[in-house]
Amino acid sequence: MKISLLIYDLDGTLIDSKQDIANSVNWTLTQLGLPTVSNEVVYSYVGNGVRPLIAKSVGEEGGAKFKEALKIFKTHYLEHLLDQTQLFAGVKEVLHHFKGKTQAVLTNKPGVFSLPILKGLKVDHYFSAIIGGEDGFPKKPDPAAIHHLLKEFNCPPAQAVMIGDSRVDIETGKNAGILTCGVTYGFRGEEEVHASQPDFLIAEPHEIILLFK
């Protein structure tokens with residue numbers, strides 16, 4: 001399959017960041033005197049951005065406690081976002097393999113976190129665009145950011161693919177009219193990704209190389 005533009009989700013697709021996120025969520029809850037939640041529960045909250053993550057963890061959105069929690073989380077996570085976060089095995093090889101193509105990151109994670117992580121892991125140079133959840137576009141599954149990327153890089157929809165580990169990622173690609181590739185090694189598990197009916201389904205990052213030319 002000939003592809004000109006590869007668009008990747010970040011958390012659960014390129015990077016294994018779940019422990020650092022869970023640690024910062026539970027630090028936040030502890031600071032507020034609230035009961036902590038299991039790591040697995042936190043992982044299930046990841047994917048829609050920081051505000052939904054904190055709202056689900058705290059149990060409310062918009063109130064004073066939510067605003068305080070958001071501030072505590074952002075401060076703590078910014079200082080600890082690379083404590084244990086790393087690329088999934090094989091991801092760097094995939095990015096290097098496709099260095100002659102246009103590659104982009106589309107994540108609901110704010111750029112204030114995404115950029116330092118990608119720079120810290122020394123892979124930011126592979127991407128022609130990195131769009132975060134607070135960078136002026138509606139969040140996934142809204143297709144506006146993908147439409148922007150297609151126009152920016154003069155890419156036909158048939159030659160672009162959205163790669164991600166969640167239903168939201170697959171829906172975003174479908175909403176934009178491009179190909180979709182679900183990964184089962186991420187945070188959401190095979191059942192959710194499979195139920196989203198992506199065009200392609202892979203269990204390891206290196207399989208992307210086998211799928212696309």
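Modeller: One term before we start: buried means under 20% relative accessible area, exposed over 50%, and partly exposed in between, using a 1.4 Å probe and protein chains only.
Colleague: Fine. What should I know about where this comes from?
Modeller: It's a predicted model, where local features need pLDDT of at least 70 and side-chain atom pairs count only at pLDDT 80 or more, while totals for chains, interfaces and linings use all residues. Residues are numbered from 1 along each chain as its sequence is written, and side-chain values use heavy atoms, with hydrogens and water left out.
Colleague: N154, then. Buried or exposed?
Modeller: N154 counts as exposed, at 71% relative accessibility. Its phi is near 50°, which is positive in a residue other than glycine.
Colleague: Where is N154 found?
Modeller: In the loop between α7 and β6. Helices (H or I, at least four residues) and strands (E, at least two) are DSSP runs, numbered from the N terminus.
Colleague: And Q197, buried or exposed?
Modeller: Q197 is exposed, with a relative accessible area of 59%. Q197 isn't a glycine either, yet has a positive phi of about 55°. You'll find Q197 in the loop between α9 (190-195) and β8.
Colleague: Which peptide bond is cis?
Modeller: The one from K140 to P141, with omega near 15°. P141 lies in the loop between β5 and α7 (144-152).
Colleague: Let's switch to the sheet. What's the strand order?
Modeller: β5-β4-β1-β6-β7-β8, an open sheet of 6 strands with parallel pairing. Two strands pair if DSSP finds at least two bridges between them.
Colleague: Which strands stand at the edges?
Modeller: β5 and β8 (200-202); each has a single partner strand, so one side of each is left without a neighbour in the sheet. From one strand to the next, the twist averages 20°.
Colleague: How many bridges join β1 to β4?
Modeller: There are 4, and the two strands run parallel. I7 has A104 as its bridge partner in β4, and L6 stands opposite Q103 there. β1 also pairs with β6 (residues 160-164) in the parallel sense, over 4 bridges, with V161 as the bridge partner of L6.
Colleague: Now helices. At what angle do α3 and α4 cross?
Modeller: Roughly 120°, and their axes come within 10 Å. The axes are lines fitted to C-alpha atoms, for helices over the stretch in contact, and angles run from 0 to 180 degrees between N-to-C directions. α3 and α4 are therefore oblique to each other; under 35 degrees counts as roughly parallel, over 145 as roughly antiparallel, 65 to 115 as roughly perpendicular and the rest as oblique.
Colleague: Which residues make the contact?
Modeller: Among them are V50, L53 and I54 of α3, and F66, L70 and F73 of α4. Contact means heavy atoms within 4.5 Å.
Colleague: Last one: which residues of α6 are buried?
Modeller: G111, F113, S114, I117 and L118, in α6 (residues 111-120). They cover an arc of only 160° around the axis, which puts them on the same side of α6. That arc is the one spanned by the directions from the helix axis to the C-beta atoms.
Colleague: What covers them?
Modeller: The cover includes β2 (15-16), α3 (50-58), α4 (64-80), β4 (102-106) and β5 (129-131).
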